[in-house]
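Here is a friendly tour of the ring pairs and charged pairs in this protein. Have the fold open beside you as you read.

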Amino acid sequence: MATRNHHAAAAQQPANGGAAVLAGRQKVAAAGRRRVLSDIGNVGIDVFDGKIQLPEGINRPITRSFGAQLLKNAALAKKNAVAPPPAKPVPAPAVPKPARKAPTKAAPRPAPEQAPKNATSSNENSKPSEGAAGSSSSVQKKSRKKVVCTLTTVLSARSKNASGLKQKEPIEDIDKLDGNNQLAMVEYVEDIYKFYKASEHESRPDDYMGSQPEINPNMRAILLDWLAEIHAKFELMPETLYLTIYIVDRYLSLQPVLKRKLQLVGIAAMLIASKYEEIWAPEVGDFISLSDNAYDRQQILVMEKAILNTIEWNLTLPTQYHFLVRFAKAAGSDSDKQLRHMILFFGELALMDYRMVTIRPSIVAASAVYAARCTLKKSPLWTATLKYHTGLNEQQLMEGAKILISSHAAAPEGKLKIIYEKYSSEEFGFVARHSPCSWSRPCLGL
């Protein structure tokens, strides 16, 4: 159409404005070349006195629509000639277009690293007649991420399944049933035991047998066996027995004592512990009668004062019993009375053995729980809940557990049977009569 119009216009001579035509010819001659007349937009026109002047050789009447088209094409040509070329031209695929329709803008190509592998094949196979629908579907395919199952992910998944890894054992809330019990102190019981663990290192008895001229571990065991019998006759609290033995050991580690005064130290220590722990403490006369009048009232009171001054009146400290109660609860003794009695049995056996004096009370209590679970064949022997509340693992308990289990094995044939007979009664579920944990058990590392 543009070519036909050009030839038709070339045959027409301008009716007027010869000077303008002559000037146009001179401009074309000076340029030395002539643009290809492939489109009507390439026809050079001049405007003289508000009228359009066609170049020479174009013979066509200038109608209103044709003139408006010429002016529009001239303005576009002038604008394209002045505007600078784009800095980074975007290449577009050559697509045949209708002659009369304006060229459509091609979508920019995605970056090579973002384009999927099948993007090239989909663009090559798409036909131009598919239009906007085909281009939108191709863009969606390009933007969609393909999940690739690599060999590494497959091998990692199979390794996890083959290794048989189990999820971490959950830690039970051992105080969840005591929410309405004000005596349980659920709100700050954890803080209390943190303080106990921090303060259990203070004022601890050390290995004092080397500094005692007349006392040996066997004499100590005889004294403690007699104190356990007095404790049972008075029906005192368990805290009183543990505090009594702590006072004895602490005083003996600070002061040399003669053999004939050892029982007096035990009487005075139980009198002090009873006043501290009991509501109705035994009187001095009761201790005199139970000791067969071996000491009088004045001697007991003098020894009581000497002990308090030596240990600097420091009676507020955690004993093994404080930790036994908490650790037994973490072991599930609230629903298992047999386990609870067994833990208390091993706790009192630990009091009798001098080898446990220098071990921290929390470790002794945890070892008693471990030995009790081993004796009753509980599985697992050490749970995540026990590890959390004790802060100890199985390896840290092996030494104490071996001592306690050996004491249990020797108790039926031993001479000091007060604790063994106590826990062989129906009141405590006959737990002392259980067969001791075998030395060949793998739980003891033997």
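A residue counts as buried when its relative accessible area is under 20%, as exposed when that area is over 50%, and as partly exposed in between. Keep in mind that this is a predicted model.

Let's begin with α7, where V189, Y193 and S199 are the buried residues. Looking down the axis of α7, these buried residues fall within an arc of 130°, so they line one face of the helix. What lies over the buried residues of α7? The cover includes α13, which spans 320–330.

Y193 also takes part in a cluster: ring pairs link Y193 with Y196, F323 and F327. Charged side chains make up a group of their own, as D175, D178, E190, R326 and K329 are linked in a network of salt bridges.

**Aromatic pairs**

Across the whole structure, a search finds 11 aromatic pairs. One of them joins Y208 and Y354 in an edge-to-face arrangement, with 5.4 Å from centre to centre and 85° between the planes. Y208 sits in the loop between α7 and α8 (217–234), while Y354 sits in the loop between α14 (337–352) and α15 (361–375), so this pair ties together parts that are 146 residues apart in sequence. Are these two tyrosines buried or exposed? Y208 is buried, at 0% relative accessibility, and Y354 is buried too, at 14%.

F234 and F287 form another edge-to-face pair, with their ring centres 5.5 Å apart and 75° between the planes. Here the partners come from two helices, F234 from α8 and F287 from α11 (residues 284–290), so the pair ties together parts that are 53 residues apart in sequence. F234 counts as partly exposed at 25% relative accessibility, whereas F287 is buried at 2%.

**Salt bridges**

Side chains of opposite charge can pair when their charged atoms come close. In this model the count comes to 11 salt bridges.

| Salt bridge | N to O distance |
|---|---|
| E304 and K275 | 2.9 Å |
| D336 and K378 | 2.7 Å |
| K422 and E348 | 3.1 Å |

Where do the partners E304 and K275 lie? E304 belongs to helix α12 (residues 297–310) and K275 to helix α10 (residues 262–277), so their pairing ties together parts that are 29 residues apart in sequence. E304 is buried, at 10% relative accessibility.

For D336 and K378, both ends are in loops: D336 is between α13 and α14, and K378 is between α15 and α16 (384–390), so the pair ties together parts that are 42 residues apart in sequence. D336 counts as buried at 18% relative accessibility, and K378 as partly exposed at 27%.

K422 is partly exposed, with a relative accessible area of 24%, while E348 is buried, with a relative accessible area of 5%.

Note on methods. Residues numbered from 1 in each chain as written. Predicted model: local features only at pLDDT ≥ 70, side-chain atom pairs only at ≥ 80, totals over all residues. Heavy atoms only, no water. Phe/Tyr/Trp six-rings, centres within 6.5 Å; stacked < 30°, edge-to-face > 60°. Helix = DSSP H or I, 4+ residues; strand = E, 2+ residues; numbered from the N terminus. Buried < 20%, exposed > 50% of the residue type's maximum accessible area, 1.4 Å probe, protein only. Arc of directions from axis to C-beta. Contact = heavy atoms within 4.5 Å. Salt bridge = Lys/Arg side-chain N within 4 Å of Asp/Glu carboxyl O.
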